[in-house]
Amino acid sequence: MKYVEEFRDAELAKGLSVAINAEADPDRIYRFMEFCGGHTHALARYGVEDLLPGNVRMIHGPGCPVCVLPVGRVDEAVALATQHDVILCTYADLMRVPGTKYESLIKARSKGADVRMVYSTIDALKIAEDNPEREVVFFAIGFETTTPPTAVAIKQAQKLGLKNFTVYCNHVLTPAAMRAILGAHTPEGAPNVVLDGFVGPAHVSAVIGTQPYEEFTRDYKKPVVIAGFEPLDVMQSILQLIRQANDGRADVENEYARAVTPEGNVKAQALVDEVFDVRDAFSWRGLGSVPLSALKIRAEFSEFDAELRFRVDVPNPKENKLCECGPILRGEKNPVDCSLFGTSCTPDNPMGACMVSSEGACAAHWTYGRFRTELELELEDSA
Amino acid sequence: MCHAIPAKVIAFRDDDMADVELEGVMKEVSLALLDGVELGDYVILHVGYALARLDPEEAEKTLKLFAEMGEAAFAQGAVA
Amino acid sequence: MNAPQKPHGNKPGSRPLDLKNGRVDMSHGAGGRAMAQLIEDLFVGEFDNELLNREHDAAMFTLPPGRVVMSTDSFVISPLFFPGGNIGSLAVHGTVNDISMAGAKPYYLTAGFIIEEGFPLADLSQIVKSMAEAAKEAGVSIVTGDTKVVERGHGDGIFINTAGVGVVRDGIDICGDLAQPGDKVLVNGTLGDHGVAVMSKRENLSFTTAIESDSQSLGDLVSDMLEAVPDIHVLRDPTRGGLAATLNEIAHQSGVGIELIEDAIPVRPEVKSACELLGLDPLYVANEGKLIAICPSDKADELLTAMQAHPKGKDAAIVGEVLQDARCFVRMKTGLGGTRMVDWLAGEQLPRIC
């Protein structure tokens, strides 16, 4: 596959591994957060961390929109499917996320709710067109990569004059989440997570450009290297972050120049701006309430807003008290630090979102990383 | 939520749709988010939409960069 | 060759089955004349063998000497027709392969049908013809069966169950718990073809590919393999859950670990790219014409040669080895040079969007 396999080449990986090992200062520990769930997945799937020296630690960030969806929103989606006779269209990743009392969309479907997996908003629109007598609700989640397709769908629904199509909007914003992580402090004023830099998201950046990250280099003095999706991209970005850390620099660098431009996808940004407005605040699993971090549908498109069309009855949202998804999403804890990990919480019986989504840190570690012995991890942590 | 993959545009269809190809697999996707796409361009696909055009020159430059980093490190006598 | 065949076709006073436009209705399952006609004209007519033609409720036969192996499988696939096959051919290949994976030669199959009222006879006829062809190619006979019809809305068109018997000759001992550290792991060809072929036809997926299901009977390949290397330790076909699920089963049953080499695993480029587009991992995608063989390491090259010499094994490869590992992990050296686990799959592999 062109533009894919060349970026997974083992020889080039070896070279980059050598370079990283050579430039990492043995007397310090580097902690870089890969914000995007796709990068978490890439690191795990290719075993990239085997090619990094022990003093370069990758901290998994909250860039997994499935993982950060609060329990209450999952409950509302399940309620939409079970309390109203709608066709609930959802991306696959959301099917098994547990809400309060472990109700999920897939469980709702087994009890008779009409929940359908779609690959694209285009599929959801088609379902709405093919079923004019049924209400169709699209469960929209995602960071800035996934928001423009929802905007297109709403505009298309308007153009087609669809009366039976609404969107349950849970789109969230990357810079706000990064700010929340960097801003989180203990009562004594120390940062909750010590970070030396960010591996910036690939396709969020393709949409928003490089400029939004300058806030973090300027105000927080943390370097940001925007990385492509393939393992070599991530390794090159780590090398660039190490260099910046060594040099004491904090710049925005764009390793994914083949797809990311400084201004990003202006057309997509305009469409999003036309259809959505920023919510004052939104509750994130793990980060709590974050101001100006999520989107809602503008009044001009209110007829496509599921939250306005439907009333639902939901329980008080409850998460398992022992679930450490919060601290894990913030990068403060590892999956193995959670007492539920591997005991009651497994991919077969997920207790929290980090285990359901294939990009969640817990699922990634369980599926790909568990062969490293507990002993190795102990040694790493104590270093 | 970033899972995205580059594919080649091989035909245009009505309504901003296009056929793309990834190594023998064809899919119909939306070009509603991009202007000025030409046949033969590679686009990055996400949830059924083309999000960005892939710049072949930049891709080459990046691959060269990977190779240079490795060579420089080996040249300095670094060991894996 | 033997007793005169009973005449098939019209009995006086009955109309012939309308295979073009007719549909299955409740009378076809009621045990009366309509059902007899369906069975005789369609099933017996196509499966056509001495045992079945006698039309007893049970088939009676003797088997050659050796240990008897029995297996059963039910088929509920949707869609019923897919590139490279249909539920019928799949039903025959599936049970034949289960028998073959025990190192046995398969002989006889049963076929049970649960058909939904309204199911087109044209489709049923096509399915039955495919079963007959598949049985013939595999050298087995379908000797007894059953037909039920359920009301509209209570079945997914058609469900099929097949059961089979075979015989393992002496000297062959194949079981999931016999893998030893040091053994090599082989596959007979490319992985992921069936799952991707089926998914390409399902609703919600709108791409066209040139991928066909690999559904095929493996009895003749297994026979050649056992000729070359009688002390194969494990044989299994990686169906639902793909290579990953099957290797995890074997690892646990044998109390060992397994390490795969990603670059050695044969996957067609189109299957790779279809999986990329869908966010799937080919290791977890179903196969219906593939097998895993685990054998002593000093016999691996010989086994590979024997497999590659057979048309159903021309893309065979050694893909990994068995290790000492009390945790029974299956892991893989990635193409990049790192290592990752290849764990069981939780639930249906839901394609990633992330």
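Select Ser74(C): leaving aside neighbours within four places in sequence, Ser74(C) is in contact with Phe159(C) and Asn161(C). Two residues count as in contact if their C-beta atoms, placed from the backbone, lie within 7 Å. The model is predicted, so to speak of local features a pLDDT of at least 70 is needed, and side-chain atom pairs count only at pLDDT 80 or more, while totals for chains, interfaces and linings use all residues. Residues are numbered from 1 along each chain as its sequence is written, and chains are lettered from A and ligands numbered from 1 in the order in which they are written.

Stay on Ser74(C). Ser74(C) is partly exposed, with 14 other C-beta atoms within 10 Å. A residue is buried if 20 or more other C-beta atoms, placed from the backbone, lie within 10 Å of its own, exposed if 12 or fewer, and partly exposed in between.

Next, select strand S1 (residues 67–75) of chain C, where Ser74(C) is found. Helices (H or I, at least four residues) and strands (E, at least two) are DSSP runs, numbered from the N terminus. S1 belongs to an open sheet of 4 strands in chain C, with the order S1-S6-S4-S5 and mixed pairing. S1 and strand S5 (141–150) of chain C are at the edges with a single partner strand each, so one side of each has no neighbour in the sheet. Neighbouring strands are turned by 15° against each other on average, direction ignored.

Now show S4(C) and S5(C), which pair in the parallel sense over 9 bridges. Strands pair if DSSP finds at least two bridges between them. One bridge to look for joins Ala111(C) to Gly145(C) in S5(C).

Axes here are lines fitted to C-alpha atoms, for helices over the stretch in contact, and angles run from 0 to 180 degrees between N-to-C directions.

Then colour chain C by domain: domain 1 (26–168) and domain 2 (184–341). The bounds come from an automatic or database domain assignment. Their centres, taken over C-alpha atoms, are separated by 27 Å. Each domain gives 21 residues to the contact between them. On the domain 1 side, helix H3 (87–100), strand S4 (105–116) and H4 of chain C each give two or more residues. H3(C) has the largest share, 7 residues.

In chain C, select helix H5 (residues 193–201). Is this helix enclosed or open? Of its 9 residues, 8 are buried, so H5(C) is largely enclosed by the rest of the structure. Among the buried ones are Asp193(C), His194(C) and Met199(C).

Move on to the chain contacts. Chain C places 23 residues in contact with 37 residues of chain A. Helix H8 (269–278) and strand S14 (339–341) of chain C give two or more residues to the chain C side.

Between chains A and B, the contact takes 44 residues from chain A and 39 residues from chain B. H1(A) supplies the largest share of the chain A side, 9 residues.

End at Ile238(A), which touches Ile20(A), Phe32(A), Leu52(A), Val56(A) and Val199(A), not counting residues up to four places away in sequence.
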